[in-house]
Amino acid sequence: MCDKCLDKTVEALKKFNFKGDIIRVTPFGSGIINDTFLVVCNDKGSKNKYILQRINNSVFKNVNKLMENYCNVCDYLKDIICKRGGDIDRQTITVVLTNDGKSFYCDSKGNYWRVIKFIKNTVTYDVSESTGDFYKVGKTFGEFQNMLIDYNAESLYETIPNFHNTKERYKSFINAIERNKANRLDNVINEVNFIIERKSDTSILVDLLQRGKLPLRVTHNDTKISNILMDAKTKEGICVIDLDTIMPGLSLYDFGDAIRSGATHVSEDEKDLNKVFIDLEFFEAFTKGFLEGTANSLTEKEIELLPMAVKIITLEQGIRFLTDYLNGDVYYKTNYNDQNLDRTRTQLKLVKDIEEKLNEMKNIVNKCLSNNIVEV
Ligand code: GN1
Ligand code: MG
């Protein structure tokens, strides 16, 4: 058995309604919050696959409420997809219940587990491979937002309060500097100053929301490219996954986070900063897809702020990684000592690059818009 594989006799595995006998449980995906495993079962010669997740309970404090959101949103999506003649088993997540009908299991050590069905013939990417694929990612995230446009935002529990409240993230960062808990402040003076110089950016979107200038929507809040399952053959976007942070939020953060993570060609902890930049062709492809997917539902103000939102969420992500570094790596999983610092540096390099490209990005948005209008 590999180091990180799970023993088949683990308590939680006995509690879910798997079809067949469990053959193996191997680590899966690239998430840095929950622990994710692929469970393969043998059912009279045919294989059934599942995704098992240990939900990070120090990040998600109320798993009961989180799973309530999760299941309600899945049911809602299934309903819409069904009405549109889509495939409910492929285009949205199916939760596998425990033997006593619950959506999660809390084991004797206080670990929380859930199981969903694995969707066959799909793949995920950590970085996008072509503009064509990234266009499809944009379209899928845009359509996802549109499917939830009438979902009652008030009914959603806030799984992580102030999740994309960049102003609050900045305050926690200042706090972390003051406490200097892990004694790492001396290593990161340049990074700290870079962020402090951009303090005013952290309030732009939050203030507009507060003043009613931007609409509060039901948003995904973690639109990394790896959170879309693509058809293995056609590379069509099939299903949006990782629904833990579905909450009322700003569409702009979803747009921005997808560009932050997908319009680059390297991973978040790349050490060679020369390789870290926003590829404007990828930006254009995603923007085109997102505008099509959201089908004229974005307001003028939202559209105007699309490029700026890319900068703000990237700055926020840099702030979050650096805060965790200063706190001693207590939030994100790390595999080596300075990983959160490497992650911080890629984000700040991206911020710099975006600042230089903001005008070009605005022109691209306008170009996509005028192309869209012609198509309508
Ligand atoms: C976390 O674990 P994962 O990859 O789904 C984080 C996101 C960050 C991302 C950065 C709940 O997501 O907000 O953007 O890492 N999720 C949470 O890689 O904090
Ligand atoms: Mg996530």
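Biologist: What covers the buried residues of helix 1?

Modeller: This is a predicted model, in which local features need pLDDT of at least 70 and side-chain atom pairs count only at pLDDT 80 or more, while totals for chains, interfaces and linings use all residues. Residues are numbered from 1 along each chain as its sequence is written, chains are lettered from A and ligands numbered from 1 in the order in which they are written, and side-chain values use heavy atoms, with hydrogens and water left out. Helices (H or I, at least four residues) and strands (E, at least two) are DSSP runs numbered from the N terminus, buried means under 20% relative accessible area, with exposed over 50% and partly exposed in between (1.4 Å probe, protein chains only), and contact means heavy atoms within 4.5 Å. The buried residues of helix 1 include Val63, Leu66 and Tyr70, and their cover includes strand 3 (46-55), helix 2 (88-91), strand 4 (95-96), strand 6 (112-117) and helix 3 (131-147).

Biologist: How far does helix 1 reach from its first C-alpha to its last?

Modeller: Helix 1 runs over residues 63-83 and has 21 residues. The expected span of a helix is 1.5 Å times one less than its number of residues, and the reach of helix 1 is close to that expectation, at 30 Å.

Biologist: Which atoms coordinate the magnesium ion (ligand 2)?

Modeller: Donors are N, O and S atoms within 2.8 Å of the metal (3.2 Å for Na, K and Ca), and sites may look incomplete because water is not among the atoms. At 1.9 Å, the magnesium ion is coordinated by the OD atoms of Asp222 and Asp242.

Biologist: How many residues apart in sequence are the parts that the pair Asp222 and Asp242 ties together?

Modeller: Asp222 counts as buried at 19% relative accessibility, whereas Asp242 is partly exposed at 23%. Asp222 lies in the loop between strand 8 (217-219) and strand 9, and Asp242 in the loop between strand 10 and strand 11 (247-249), so the separation of the parts they tie together is 20 residues.

Biologist: Which loop is the place of Lys235?

Modeller: Most residues other than glycine have a negative phi. Lys235, although not a glycine, has a positive phi of about 65°. Its place is the loop between strand 9 (228-231) and strand 10 (237-240).
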